[in-house]
Amino acid sequence: GSIASVLTRADIGAEANRIQDFKDRPVATIKGSSSETYLKRHFFKDIEAYTNLDSCFQALKEKSVKAIIYDEPILQRRLHLDKSKRYSVLPMKFAPQFYAFAFAKENTKLTDQVSEAIFEITESADWSLLLNEYGLLDE
């Protein structure tokens, strides 16, 4: 699953340290995404929904929005490719999402392989560390 996060221009980070700090600021996200749904449900006032991430980054570059709110792994990957250091992902996470797999009933071999792999991952120490990092560890 992914966790929504906030990407912003490097120069705004000090004045925003909570997701609520963006409620009255113009923010960009992807049209039809769970991030857009979250923003609408939590009464964000100025949401610009774009069809792709390139458009979101263009709006951020032009300063027509103050932040991009979207899936953290995708934003982190984009920053890794950017290398300009103009943007940063703020250390705020919200709206964890979980995913499921669906297989044809007759494909039991694949179902068993995936189930076994998921079991091995979720029983590992790395899994516990990951859950703890995102505040999802039940204690």
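These legends describe close-up views of a predicted model.

**View 1. The whole chain, as a guide to the close-ups.**
The secondary structure comes to 5 helices and 5 strands. Starting at the N terminus, the elements run β-β-α-β-α-β-α-β-α-α. The chain has 139 residues, and 32% of them count as buried.

**View 2. Phe 57 and Tyr 87 form an edge-to-face pair.**
How many aromatic pairs does the structure hold? There are 2. In this one, the ring centres of Phe 57 and Tyr 87 are 5.4 Å apart. Their planes stand at 85°, so the pair is edge-to-face. Phe 57 lies in helix H2 (residues 53-61) and Tyr 87 in strand E5, so the pair ties together parts that are 30 residues apart in sequence.

**View 3. Phe 101 and Phe 103 form a stacked pair.**
Here the ring centres of Phe 101 and Phe 103 are 6.3 Å apart, with 10° between the planes. Phe 101 sits in the loop between strand E5 (87-96) and helix H4 (108-122). Its relative accessible area is 60%, which makes Phe 101 exposed. Phe 103 is partly exposed, at 30%.

**View 4. A nonpolar patch lies on the surface.**
Which residues form the patch? They are Phe 101, Phe 103, Leu 110 and Ile 118. Together they have about 350 Å² of accessible area. Phe 101 and Phe 103 are also the stacked aromatic pair of the previous view.

**View 5. Arg 78 takes part in two contacts, with Asp 54 and with Phe 57.**
The side chains of Arg 78 and Asp 54 meet in a salt bridge, at 2.7 Å from N to O. This pair links distant parts of the chain. Arg 78 is in helix H3 and Asp 54 in helix H2, 24 residues apart. Arg 78 also lies over the face of Phe 57, at 4.4 Å from the ring centre. How accessible is Arg 78? At 25% relative accessibility, Arg 78 counts as partly exposed.

Helix H3 spans residues 72-82. Its residues Glu 72, Leu 75 and Leu 79 are buried. Lys 83 follows H3, and its phi is positive, near 60°.

**View 6. Lys 45 and Asp 24 join two loops.**
Side chains of opposite charge can pair when their charged atoms come close. A search of the whole structure finds 3 salt bridges. In this one, the closest N and O atoms of Lys 45 and Asp 24 are 3.1 Å apart. Where do the partners sit? Lys 45 lies in the loop between helix H1 (34-41) and strand E3 (47-50). Asp 24 lies in the loop between strand E1 (3-9) and strand E2 (27-30). The pair therefore ties together parts that are 21 residues apart in sequence. Lys 45 and Asp 24 are both exposed.

Glu 36 is buried, with a relative accessible area of 9%. Lys 40 is exposed, at 51%.

**View 7. Phe 43 and Lys 63 have a positive phi.**
Most residues other than glycine have a negative phi. Phi of Phe 43 is positive, near 60°. Phe 43 is found in the loop between H1 and E3. With a relative accessible area of 64%, Phe 43 is exposed. Phi of Lys 63 is also positive, near 65°. Lys 63 has its place in the loop between H2 and strand E4 (67-71). At 52% relative accessibility, Lys 63 counts as exposed.

**View 8. Arg 25 lies over the face of Phe 22.**
Arg 25 is 5.4 Å from the centre of the Phe 22 ring.

Key
Residues numbered from 1 in each chain as written. Predicted model: local features only at pLDDT ≥ 70, side-chain atom pairs only at ≥ 80, totals over all residues. Heavy atoms only, no water. Patch = residues over 30% accessible without salt bridge, like charges linked within 9 Å, V, L, I, M, F, W, Y side chains within 5 Å. Areas by Shrake-Rupley, 256 points an atom, 1.4 Å probe, with all protein chains shown as cover. Salt bridge = Lys/Arg side-chain N within 4 Å of Asp/Glu carboxyl O. Helix = DSSP H or I, 4+ residues; strand = E, 2+ residues; numbered from the N terminus. Buried < 20%, exposed > 50% of the residue type's maximum accessible area, 1.4 Å probe, protein only. Phe/Tyr/Trp six-rings, centres within 6.5 Å; stacked < 30°, edge-to-face > 60°. Lys NZ or Arg CZ within 6 Å of the ring centre and 35° of its normal.
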